[in-house]
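Dear colleague,

Please find below the structure that I am handing over to you. My findings follow directly after it.

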Amino acid sequence: MDLLSSWLVPFLKHRLSLCGLVVLIGVILAALLAPVITPYDPLAMDPIGRLQTPNMAHWFGTDHFGRDTLSRVIYGARLALLIGTGVVGFAMATGVPIGVLSVLFPRVGNVLMRLVDLMMAFPALLLALGLIVILGQGVTNAILAIGVVYLTTTARITYSVALRLKAETFVEAGRSMGANTWWLATRHIIPNLVSPLLVQASFVFAFAQLGAASLDFLGLGAPPDIPSWGNMLAESRRYITRAPWLLFFPGAMIVLTAFSLNLVGDALRDRLDPRFRDELANKGKP
Amino acid sequence: MLLNFFTSYAMRRTGAAAVTMAAASVIIFAFIHLIPGDPTYVLLGDGATPEQAEALSKKMGLDRPIVVQYFTWAVNVLQGDLGKSLFFQAPVLEIIADGAETSLLLAGITMVWVVLIGIPIGMLSATRQGTAVDQTASGLAMLFASVPTFWVGLYLILIFAAWLGWLPSSGYPSIFEEDGLYNLRYLLLPSLALAAPNAALILRLTRASMLDVARQDYVRTARAKGIRPWQVTTRHIFRNALLAVVAAFGFTLAGLISEAVVTETVFSLPGIGRLVVQSILRRDYPVIQGVILIIVMLYLTINLGVDLINRYLDPRVELE
């Protein structure tokens with residue numbers, strides 16, 4: 001309970017961060033409850049009711065196929081959540097072991113971290129695009145492509161924080177008492193990585209939204225029949241003057257989600273151990 | 001003496017960049033081989049005849065060990081031969097050069113916006129820390145850092161091109177054609193869209209860096225000596241805070257190269273970024289490989305340049 005309240009304090013102190021948290025919970029609930037709360041089928045077409053302005057029946061209007069924009073925006077939250085969770089999961093599952101192993105076994109680390117540096121020689125979006133060419137299009141491959149980009153930053157942060165931890169007196173004390181590497185890693189280093197990585201996760205989640213939206217917009221992400229916010233924006237382009245609301249709602253959802261995640265990340269960082277703040281401030285972004 | 005230290009740093013830093021480039025070139029070479037399918041058909045397209053395939057296979061030395069193939073490719077690249085585009089049936093380097101003017105001008109104008117918006121507002125925000133001005137500027141900066149550039153771009157098109165009719169919404173005729181420099185107006189909206197998140201980043205950084213420097217002892221000393229507050233801000237705080245900002249410029253400029261992919265697509269600009277996307281959609285693999293190579297080279301060169309400038313400005317900077 002103490003742990004929970006210590007995480008909640010920064011949110012109660014900053015009202016804006018609290019708003020971010022509330023919005024985020026809202027997006028998650030919308031994604032989970034999409035089939036229950038959507039007024040229409042997001043894929044149901046209505047040729048007679050195309051490009052309707054927002055009205056009482058269709059709060060967010062309809063698109064060029066007469067599909068309900070509100071329902072599609074709500075279903076879009078599902079994909080946003082899937083992409084965010086997938087990218088964070090992949091980046092953490094690969095980046096954290098690379099970072100920790102590199103600190104514990106400096107010889108291996110030298111090679112692994114050089115490889116990570118090498119991957120960072122490729123600009124983020126270009127790396128993702130190159131991977132899409134190799135892997136092919138689709139939601140899973142978009143997650144992998146963006147995940148690889150954030151694998152590098154996650155590994156870097158894990159490495160620099162773990163390196164600091166390794167030099168701490170409590171780790172040294174553990175070692176002098178005869179603890180082996182495995183013990184030090186699981187009992188001393190990894191538990192202390194949780195808070196900085198939680199902050200990193202919130203930023204990666206936010207950047208994953210923007211990255212996935214860009215891929216969808218370029219036609220290289222989720223297949224066009226899936227209602228994602230990026231796909232909706234790509235389609236809205238052709239009706240930009242006739243139906244500007246089609247441009248507004250999906251874009252606003254991307255901004256709201258990414259902005260909230262950034263607010264939450266900032267609040268979490270503020271409660272973080274000051275020793276790790278610099279690492280995250282400088283290396284969290286690719 | 002100082003110059004000697006700098007020269008030694010510059011040589012080590014340049015060497016490190018060359019090693020990274022060499023290593024990156026291996027990955028870029030492997031790219032064609034990682035795409036599912038026979039590399040000759042990947043490069044020639046499915047419509048290639050067996051004779052053409054055999055000729056290319058011979059040129060690339062596909063029957064020889066992979067290491068030899070890499071060096072054959074690397075020698076070709078060093079001689080400016082990046083292969084031939086499947087779609088345009090022209091040398092890849094020529095096609096990339098065609099898009100260079102647009103992309104470089106776009107990046108240049110964007111950087112002007114980033115500097116003009118990011119630095120002054122960041123300074124203002126730092127000198128008025130905690131006030132409504134600071135909170136508004138910081139809030140907006142964070143908001144713009146969360147906005148997809150293409151969304152900003154589409155809104156700029158809607159407002160300034162479609163509704164007001166002040167500026168063109170797409171395309172870019174070269175400044176060497178009719179109307180000359182007046183054609184730069186085509187890049188105004190794209191550069192603003194591209195600048196939005198980057199100016200936000202520089203604003204936040206300028207603010208944070210100035211606040212950090214303002215806490216230093218020498219600033220307190222300067223104040224104690226009775227130097228006027230604006231002089232302390234400009235001469236003592238700003239100059240030192242600029243170091244971190246200059247480092248971020250390289251970061252931003254390099255980032256622009258890949259972010260431009262989306263912006264050039266939104267505004268249908270004939271640049272390198274749009275070329276990548278179209279080549280991916282056309283499966284024009286030699287062009288994709290060439291563009292990746294050129295962009296990575298640019299990216300590493302910019303980062304190298306910025307590191308050298310930074311070390312020149314601040315001799316305390318060391319290699320990581």
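From the N terminus on, the elements of chain A run α-α-α-α-α-α-α-α-α-α-α-α. In total, chain A has 12 helices and 0 strands. Please note that this is a predicted model.

Overall form of chain A

The C-alpha trace of chain A spans about 75 × 45 × 30 Å along its principal axes. Chain A comprises 286 residues, of which 47% count as buried. If one considers the contacts in chain A between residues at least 6 apart in sequence, 69% of them join residues at least 24 apart.

A helix pair in chain A

Helix α4 (residues 69-104) of chain A packs against helix α11 (residues 245-270) of chain A at an angle of about 30°, and their axes are 11 Å apart. Because angles under 35 degrees count as roughly parallel, α4(A) is described as roughly parallel to α11(A). The crossing of α4(A) past α11(A) is right-handed. On the α4(A) side, the contact is made by Thr69(A), Val73(A), Gly76(A) and Ala80(A). From α11(A), the residues involved are Leu246(A), Phe249(A), Pro250(A), Met253(A) and Thr257(A). Sorted by class, this contact of α4(A) with α11(A) has 6 nonpolar, 3 polar and no charged residues.

The interface between the chains

Turning to the two chains, 36 residues of chain B are in contact with 31 residues of chain A. On the side of chain B that touches chain A, at least two residues each are supplied by α1 (2-34), α6 (132-145), α7 (149-163), α10 (229-266), α11 (272-282) and α12 (285-313) of chain B. The largest share of that side, 8 residues, comes from α10(B). By class, the side of chain B that touches chain A has 30 nonpolar, 5 polar and 1 charged residues.

Domains of chain B

The domain assignment divides chain B into domain 1 (21-78) and domain 2 (92-313). Taken over C-alpha atoms, the centres of domain 1 and domain 2 of chain B are separated by 36 Å. Their contact takes 9 residues from domain 1 of chain B and 8 residues from domain 2 of chain B. On the domain 1 side, the elements that give two or more residues are α1 and α2 (39-44) of chain B. The largest share of this side, 5 residues, comes from α1(B). The residues of the domain 1 side divide into 9 nonpolar, no polar and no charged.

With kind regards

Key. Residues numbered from 1 in each chain as written. Chains lettered and ligands numbered in written order. Predicted model: local features only at pLDDT ≥ 70, side-chain atom pairs only at ≥ 80, totals over all residues. Contact = placed C-beta atoms within 7 Å. Helix = DSSP H or I, 4+ residues; strand = E, 2+ residues; numbered from the N terminus. Nonpolar A, V, L, I, M, F, W, Y, C, P; charged D, E, K, R; others polar. Axes fitted to C-alpha atoms, helices over the stretch in contact; angles between N-to-C directions. Parallel < 35°, antiparallel > 145°, perpendicular 65-115°, else oblique. Left-handed = near helix turned anticlockwise from the far one by under 90°. Domains from an automatic or database assignment. Buried ≥ 20, exposed ≤ 12 C-beta atoms within 10 Å, placed from the backbone.
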